[in-house]
Number of protein chains: 2
Amino acid sequence: MTTDAGARAPKYYRVKEQLLELTRTLGPDAPIPAERSLAVALRTSRTTVRRALRELAGEGRLDRVHGKGTFVARPKVYGTLRLDSCAEDLRAQGVEPGARTLDVGRVAADEKLSGLLGVGVGEPVLRVERLLLADGEPLAVETTHRNPGAGHAAEGEVTVETTLATPCEATLLHTDVGQPMLLVTRHSRTADGEPVDWVRSVYRGARYRFVTTLLRATD
Amino acid sequence: MTTDAGARAPKYYRVKEQLLELTRTLGPDAPIPAERSLAVALRTSRTTVRRALRELAGEGRLDRVHGKGTFVARPKVYGTLRLDSCAEDLRAQGVEPGARTLDVGRVAADEKLSGLLGVGVGEPVLRVERLLLADGEPLAVETTHRNPGAGHAAEGEVTVETTLATPCEATLLHTDVGQPMLLVTRHSRTADGEPVDWVRSVYRGARYRFVTTLLRATD
DNA sequence: AAGTGGTCTAGACCACAAT
DNA sequence: TTGTGGTCTAGACCACTTT
């Protein structure tokens, strides 16, 4: 199912496969020809070339830099799903983790936060917004809302789904609007079941994958 | 970070927000106006409308049906990350699970499968390809390669990342080429560490989210 | 100034579904 | 046949980077 066997592929998809083959012959960070050159060379329109390039960037095979060019991307990094940070995971891959705090403050809980954190509507909630980095490159935007009176987190429910980059996220993450992202939300509680925090993280899908180990529940 | 505050939004993105607002006023399965009508009404080109519609479909807000029209989508379903099936999860959401076997057979292990399953190159490996359904709608394509001599799986390493639908996957899953998908791979072992199977599943990102519960490892 | 990627347009033509 | 979404084109113009 990884190939297009059995389905008629649109022209842009064949272009995409040709370009993917090109990236395999080149190393990471190698530049590939300009869009207008590719359109001529592949006897197609720039629009068609661009659709192929955009998808390859969305899959983490190419990096596109406005004004500079398009380059072969480095492989994805991964992180283990857990409650604490994933910094050690990155180091184990030879990638230097980092973080930049974008905003810290208190906000009044709206109805949604009130329900998630177990505080009254209008009560103050701690809000922290951070940019997570891998080798200095933006990896994710993480927004935490924390109940200021809660204890330490002992367990958490995590959801993972796809989303598309908003203009704001695209700017922060150095990617394009509409590129696929991994949206991870985590709702943590103390051992007593008291809500601690609610974290919403948007990871660049082209750069990140999650890993977790499962045990069979029933045997 | 869910809004476009702070970043200049392209025109198609404002169109997208207007259409999203429209879906909120309508119920699931309600039809929305045709692309050409929207282009006139919103004083833009059909291309711009289509980019907005495509992203909304990728986010699971709209369903587009070739020749029929565009409709408000139903909410995503979710599944728990675990080694056995997710059928009970779906039933708990009032969704009827199903599966259709696409292909069953034996293939000779290539180098990759040999390494993953611990069998010699050229040795036979069981291959099963299935289409997972939710309320009769395609939800995922699942390909399993199994070591025929292995015992029961006791643990598994799971990775979750984004990918884009290939023409073949798009056909099977009733979606469009290039739409964002959740790629889940699972490598299972017995309690003794013997490889059992390797499963590659492509879930429609617009229809599915994963849920898992974590415990803090160190306290 | 020149070259790159990013957005947007207006239109042609195709494929599919309903009438 | 008509209306829908799907693909593709050729070109204009903008934004960013480098020279």
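Student: Which element gives the most to the surface near DNA strand D?
Tutor: That's α3(A), which contributes four residues to the surface near DNA strand D. Keep in mind as we go that this is a predicted model.

Student: Okay, and how many residues surround DNA strand D?
Tutor: There are 26 residues around DNA strand D, and the closest are A:Lys11, A:Thr44, A:Ser45, A:Thr48 and A:His66.

Student: Which other elements supply at least two residues there?
Tutor: From chain A you have α1 (11–25) and α3 (46–58). Chain B brings α2 (35–41), α3 (46–58), β2 (62–65) and β3 (69–72).

Student: How do the residues of that surface divide into nonpolar, polar and charged?
Tutor: Near DNA strand D you get four nonpolar, 10 polar and 12 charged residues.

Student: What part of DNA strand D is within 4 Å of the protein, sugar or phosphate, or bases?
Tutor: Both show up. Of the atoms of DNA strand D within 4 Å of the protein, 61% belong to sugar or phosphate, and the rest to bases.

Student: Let's do DNA strand C then. Which residues are the closest to DNA strand C?
Tutor: The closest are A:Arg46, B:Lys11, B:Thr44, B:Thr48 and B:His66, out of 26 residues that surround DNA strand C. Four residues come from α3(B), the largest share of the surface near DNA strand C. That surface near DNA strand C divides into four nonpolar, 10 polar and 12 charged residues.

Student: Changing topic: in what order do the eight strands of the open sheet go?
Tutor: The order is β4(A)-β11(A)-β8(B)-β9(B)-β10(B)-β7(B)-β6(B)-β5(B), with mixed pairing. β4 (77–80) of chain A and β5 (97–108) of chain B are at the edges; each has a single partner strand, so one side of each has no neighbour in the sheet. On average, neighbouring strands of this sheet are turned by 20 degrees against each other, ignoring direction.

Student: What holds strands of a sheet together as pairs?
Tutor: In general, strands of a sheet pair through backbone hydrogen bonds, either parallel or antiparallel. Here, β9 (residues 180–189) of chain B runs antiparallel to β10(B), and nine bridges join the two. For one example, B:Leu182 has B:Tyr203 in β10(B) as its bridge partner.

Student: I clicked on B:Arg204. Is B:Arg204 buried or exposed?
Tutor: B:Arg204 is buried, because its relative accessible area is 8%, under the 20% cut-off. You'll find B:Arg204 in strand β10 (residues 195–204) of chain B. Beyond its neighbours within four places in sequence, B:Arg204 contacts several residues, including B:Asp63, B:Glu137 and B:His174.

Student: And where is B:His174?
Tutor: B:His174 is in the loop between α6 (167–173) and β9 of chain B. B:His174 counts as exposed, with 57% relative accessibility. Its phi is positive, about 55 degrees, although B:His174 is not a glycine.

Student: What about A:Arg43?
Tutor: A:Arg43 also isn't a glycine, and its phi is positive at about 55 degrees. A:Arg43 belongs to the loop between α2 (35–41) and α3 of chain A, and counts as exposed at 73% relative accessibility.

Student: Last one: how many helices and strands does chain A have?
Tutor: Chain A has six helices and 11 strands. Of its 219 residues, 52% are buried.

Methods:
Residues are numbered from 1 along each chain as its sequence is written. Chains are lettered from A and ligands numbered from 1 in the order in which they are written. This is a predicted model: local features need pLDDT of at least 70, side-chain atom pairs count only at pLDDT 80 or more; totals for chains, interfaces and linings use all residues. Side-chain values use heavy atoms; hydrogens and water are left out. Buried means under 20% relative accessible area, exposed over 50%, partly exposed in between (1.4 Å probe, protein chains only). Contact means heavy atoms within 4.5 Å. Two strands pair if DSSP finds at least two bridges between them. Axes are lines fitted to C-alpha atoms, for helices over the stretch in contact, and angles run from 0 to 180 degrees between N-to-C directions. A residue is near a molecule or strand if one of its heavy atoms lies within 4 Å of it. Ala, Val, Leu, Ile, Met, Phe, Trp, Tyr, Cys and Pro count as nonpolar, Asp, Glu, Lys and Arg as charged, and the others, Gly among them, as polar.
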